[in-house]
Amino acid sequence: MDSPQAPPRGSSSVAARPLLQVQNISCNYELERAVFDLSLTVNRGEQVCLLGPSGCGKTTVLRAIAGFHPVLTGGIFINDQQVSAAGAMVPPEARRVGMVFQDHALFPHLSVQQNVASGLRQFSARDRKEAVADMLERMGLTRHAKRYPHELSGGQQQRVALARALAPRPLLLLMDEPFSNLDQELRERMGQEVSDMLKESDITCVMVTHDQNDAFALGDKVGVMEDGAIVQWDTPYNLYHRPQNHFVADFIGNGIFLTGELCSANRVTTPLGNLDSGTALGWVVGSQVEVLIRPDDVIYDSQGPVKAQVMRRAFKGAEIMYTLRTSSQITLLALFPSHANFEIGDEVSVRLEVDHLVVFARESESA
Ligand code: ATP
């Protein structure tokens, strides 16, 4: 069953107006294509992420939005002003965008307050002082104002980079893998903190990352990219539960694919039993398909019809992720509450309970 959909975070009548429109852009490096016919729209106050494997073109899109990379076709509009088109580029400093980079790129010889002030040369001395003090306070950096970057922790440096990008009050914040230099725990905390801060301040943001946890922590909408194109633009919930193709299903979350065959309009026979989608799947009976099975679709049940052996286990606190092998040699991932505590080699019984049946035509079938 679907849970009722909450309105997207940051939604309001104001947020429904587009701030950034990227329309059918293509970008090359020399003759090599990096981005092809890509479009996206970001409303005011929305935070979106581009997520994809290394080399899929995420940074190139961000650089094109910032004005560091030209577009060969299409156009980019910020606040209804065209800033990029083939042969025409408004310079980065005239776009009112703030950038946060992976390595923070702080000036090592400047103190925290001087770093934050460095983007405010066009402000009067008084306004600059006020803007710096305000940003330092909002970022919890006031007591570190006189320190130098090497005297700060990774998370504090990250906050300075954010403060510096936001101090000139940009229309749009662009972040390129901003959390990748932080350890896992800090990364999660910063992701949440930054998301809260951007929401509170109603800041529109585009982030690129290859890490889905970062994307899900920050993104109202996430665009999954493959080979220079967005293959699905959706909420984190839908990307996980309703991936539109095999690539997205594979890239987002964990899971395995079971082969199957349609035995009725909405039922699939698999080696581990029949699964019902509740609605017609759109293929004729007998079609060869593959079905996505997520770890949370595999339920521990001492009376369950599927017997399997524990091959691997990864303790995650409240839950344990098991790799199981069924007697028919099918490998499954299963996420059990951690009181279902088994050792490698143990036999367990499971059943499949798939709320959102994700089915794709098998490749040989769709060819
Ligand atoms: P990553 O996550 O590794 O940073 P990405 O998704 O951001 O990757 P891009 O940096 O946008 O990908 O690169 C897209 C494509 O363009 C890749 O094939 C890359 O090799 C190529 N590319 C990127 N920068 C250059 C460059 N300066 N010269 C030539 N090719 C480049």
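Colleague: Which oxygen or polar side-chain atom distance, in Å, separates Thr 60 from the ligand?

Modeller: This is a predicted model, and the values that follow are computed from it. Thr 60 belongs to the residues around the ligand, a group that also includes Ser 54 and Lys 58. A polar side-chain atom of Ser 54 lies 2.6 Å from an oxygen atom of the ligand, and for a polar side-chain atom of Lys 58 the corresponding value is 2.8 Å. For Thr 60, the distance from a polar side-chain atom to an oxygen atom of the ligand is 2.5 Å.

Colleague: Which element gives the most to the shell around the ligand?

Modeller: Strand S2 (32–43) and helix H1 (58–66) each supply at least two residues of that shell. By class, the shell holds four nonpolar, five polar and two charged residues. With three residues, the element that gives the most is H1.

Colleague: Which strands are the edge strands of the open sheet of six strands?

Modeller: The sheet has mixed pairing and runs in the order S7-S8-S9-S3-S10-S11. An edge strand pairs on one side only, and this applies to strand S7 (97–100) and strand S11 (229–234).

Colleague: What angle does the direction of H1 make with that of S8?

Modeller: Within the sheet, S3 (residues 47–51) and S9 (residues 204–209) run parallel and are joined by five bridges, with Gln 47 standing opposite Cys 205 in S9. H1 packs on this sheet, where it touches S3, S7, S8, S9 and S10, and its direction makes with that of S8 an angle of about 150°.

How values were computed: Residues numbered from 1 in each chain as written. Predicted model: local features only at pLDDT ≥ 70, side-chain atom pairs only at ≥ 80, totals over all residues. Heavy atoms only, no water. Near = heavy atom within 4 Å. Polar contact = N/O pair within 3.5 Å; in protein donor to acceptor, adjacent residues only side chain to side chain. Helix = DSSP H or I, 4+ residues; strand = E, 2+ residues; numbered from the N terminus. Nonpolar A, V, L, I, M, F, W, Y, C, P; charged D, E, K, R; others polar. Pairing = 2+ DSSP bridges. Contact = heavy atoms within 4.5 Å. Axes fitted to C-alpha atoms, helices over the stretch in contact; angles between N-to-C directions.
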